[in-house]
Amino acid sequence: MRQTFDERRYGALFHSDGRTLFRLWAPDARQAAVILDDRELPMTALGDGDFECFANISAGTTYRYRVDGLTVPDPASRAQQEDVDGPSIVVDPYAYRWFHDEWTGKPWHEAIICELHVGLMGGFEGVRAALPALRDAGYTAIELMPVAEFPGNRNWGYDGVLPYAPDASYGPPDALKALVDDAHGLGLMVLLDVVYNHFGPYGNYLSSYASGFFRQDTPTPWGAAIDFRRRQVRRFFIDNALMWLEEYRFDGLRLDAVHAIRPVSFLDRLADAIGQRIDPRRHVHLVLENERNSARLLRHEYTAQWNDDGHNALHVLLTGEHEGYYADYAPAPAVSLQRVLAEGFAFQGQRDRRGMKRGEPSGHLPPSAFVMFLQNHDQIGNRPLGDRLASMITAPRWRVGMALVALSPMIPLFFMGDDWGCDTPFLYFTSHPGELADLVREGRRREFAHFAGFSDSAQRARIPDPNARETFDASIPRGADSALAVATREWFRGLLDVRKQHLIPHLSGCHALGCARLGERALRAQWRLADGRLWTVALNVDDLPVPCEAPPGSTLLCQVAADPQDTFTGMLAPDSFAVWIGGDA
């Protein structure tokens, strides 16, 4: 169903009768106009900062706004001709012909997610070409890192400044829709990472004519906070979320760093708007990144949260690292992971290393309210040299971590290449212009000055320049066709087959029974599945074996051991993992 002019608030709203309505919020401006190649169209001031203009403009026409003499792109541009400074393009959001109209998505408990970076895979067409391999690896969903228009053609996506426009370097809007369409045809969900907590440092002109978009009393790591107290600002981002879910048919959104969004009531408004608007027959999932561990948000409005506590505790347990945010987990990583497996969050109101109380009780939530991962873009790329875990620890220990993520009842997420043991670094990269590039490079290196391995300037000089083309190129995953990669992929697919056959059918309604310490770095956790049977996992990443009894009457489904010839006989060997179904607690 095509939109009417009143359904969308801002941007160039193309109508099927050939007219386009341009709407802009510019509360600081005296006058505004639409600039076309051959003429200038004055916009009418509607009051409360809104300007609009009707014109007989066809899809594909380029335009800009002139606001009190300043020429700018449309902040709600649906596409850019070149880059963030280039002209915006009028887009017909309903021109694409969908081939899989019958798709309504998948229930959340069926999700097995691969997070990926579109640019490293060759743009939208590159991801589209890789979809069959991702499906064959065992994934049921992919999650795209942010695709909104950012400066240059190399970026993680968190420097986006035009949140409605897919980045031109990745491909046009219809290429993104074709990617989603093909994924649905293969039975894959597609989730999108969206950034509503800040704009990037270059190419955002809103402060020049809409200073009220921001608030100066709430600083964030990225500058002044976005002012979600304002109706127009809320409308801008709510409409953006609806655009991705309706026009592009994404199956869900991952909201970046929502702890930086104030007031929190915006998150309630956003979820309510999506719930009211989206066809109830569709499975649409809203996932949070939230350092505050706000369990309240996961009761009804939001589907799940990335479980950073789970990752951090597991990472320290596997590696022994203790700097930065790992310091919160270093004193007792097994205890933290024990709480994660039994109750969801490790921090449920306890004080962290900075003395701040963090988190809320989460033991009442189902395991599917938490997304578990061994690594993701942050946990790799925010390391000085972008090292993947597979290059930092032994292969048997890495496999234990992978098995826990794959076979715990939490929702598993893997980073691109994890399924074949990729050890190519994933570095922090940008393509900022001029002086900003220098500031980012030096700021990046200063960020790690307090880490022991980078305390002197000579060591920090080893940290790759984010703006160098070589940094991006070095992050492209390599080695997927090696014999070891092929064998690892087969092993990984075996883990996911166990999950699909034995866990997923009984995951809805599953709840944790507890987690016990078997040793200094060994745990056994149990859950009650929806059919009443037990699901038991045990792992040992210590240097010595630990006693571990199988639940009486249970069936051993999967074992991971340093020596493939090892069989489970009541002892859990070093760097090993096992999972059982059934039996008595």
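1. Helix α2 is followed by G187, whose phi is positive, near 80 degrees; helices (H or I, at least four residues) and strands (E, at least two) are DSSP runs, numbered from the N terminus. The model is a predicted one, in which local features need pLDDT of at least 70 and side-chain atom pairs count only at pLDDT 80 or more, while totals for chains, interfaces and linings use all residues. Residues are numbered from 1 along each chain as its sequence is written, and side-chain values use heavy atoms, with hydrogens and water left out.

2. Helix α2 covers residues 173-185, and its 13 residues reach 19 Å from the first C-alpha to the last, close to the 18 Å expected at 1.5 Å a residue, where the expected span is 1.5 Å times one less than the number of residues.

3. Because ten of the 13 residues of α2 are buried, the helix is largely enclosed by the rest of the structure; buried means under 20% relative accessible area, exposed over 50%, and partly exposed in between (1.4 Å probe, protein chains only). The buried residues of α2 pack against elements including α1 (123-137) and α4 (231-246), contact meaning heavy atoms within 4.5 Å.

4. The structure holds zero disulfides, a disulfide being a pair of cysteine sulfur atoms within 2.5 Å. The sulfur of C515 has its closest cysteine sulfur in C548, 11 Å away and so too far for a bond. C515 is buried at 13% relative accessibility, and C548 is buried at 1%.

5. V486 lies in helix α13 (residues 483-503) and is partly exposed at 43% relative accessibility.
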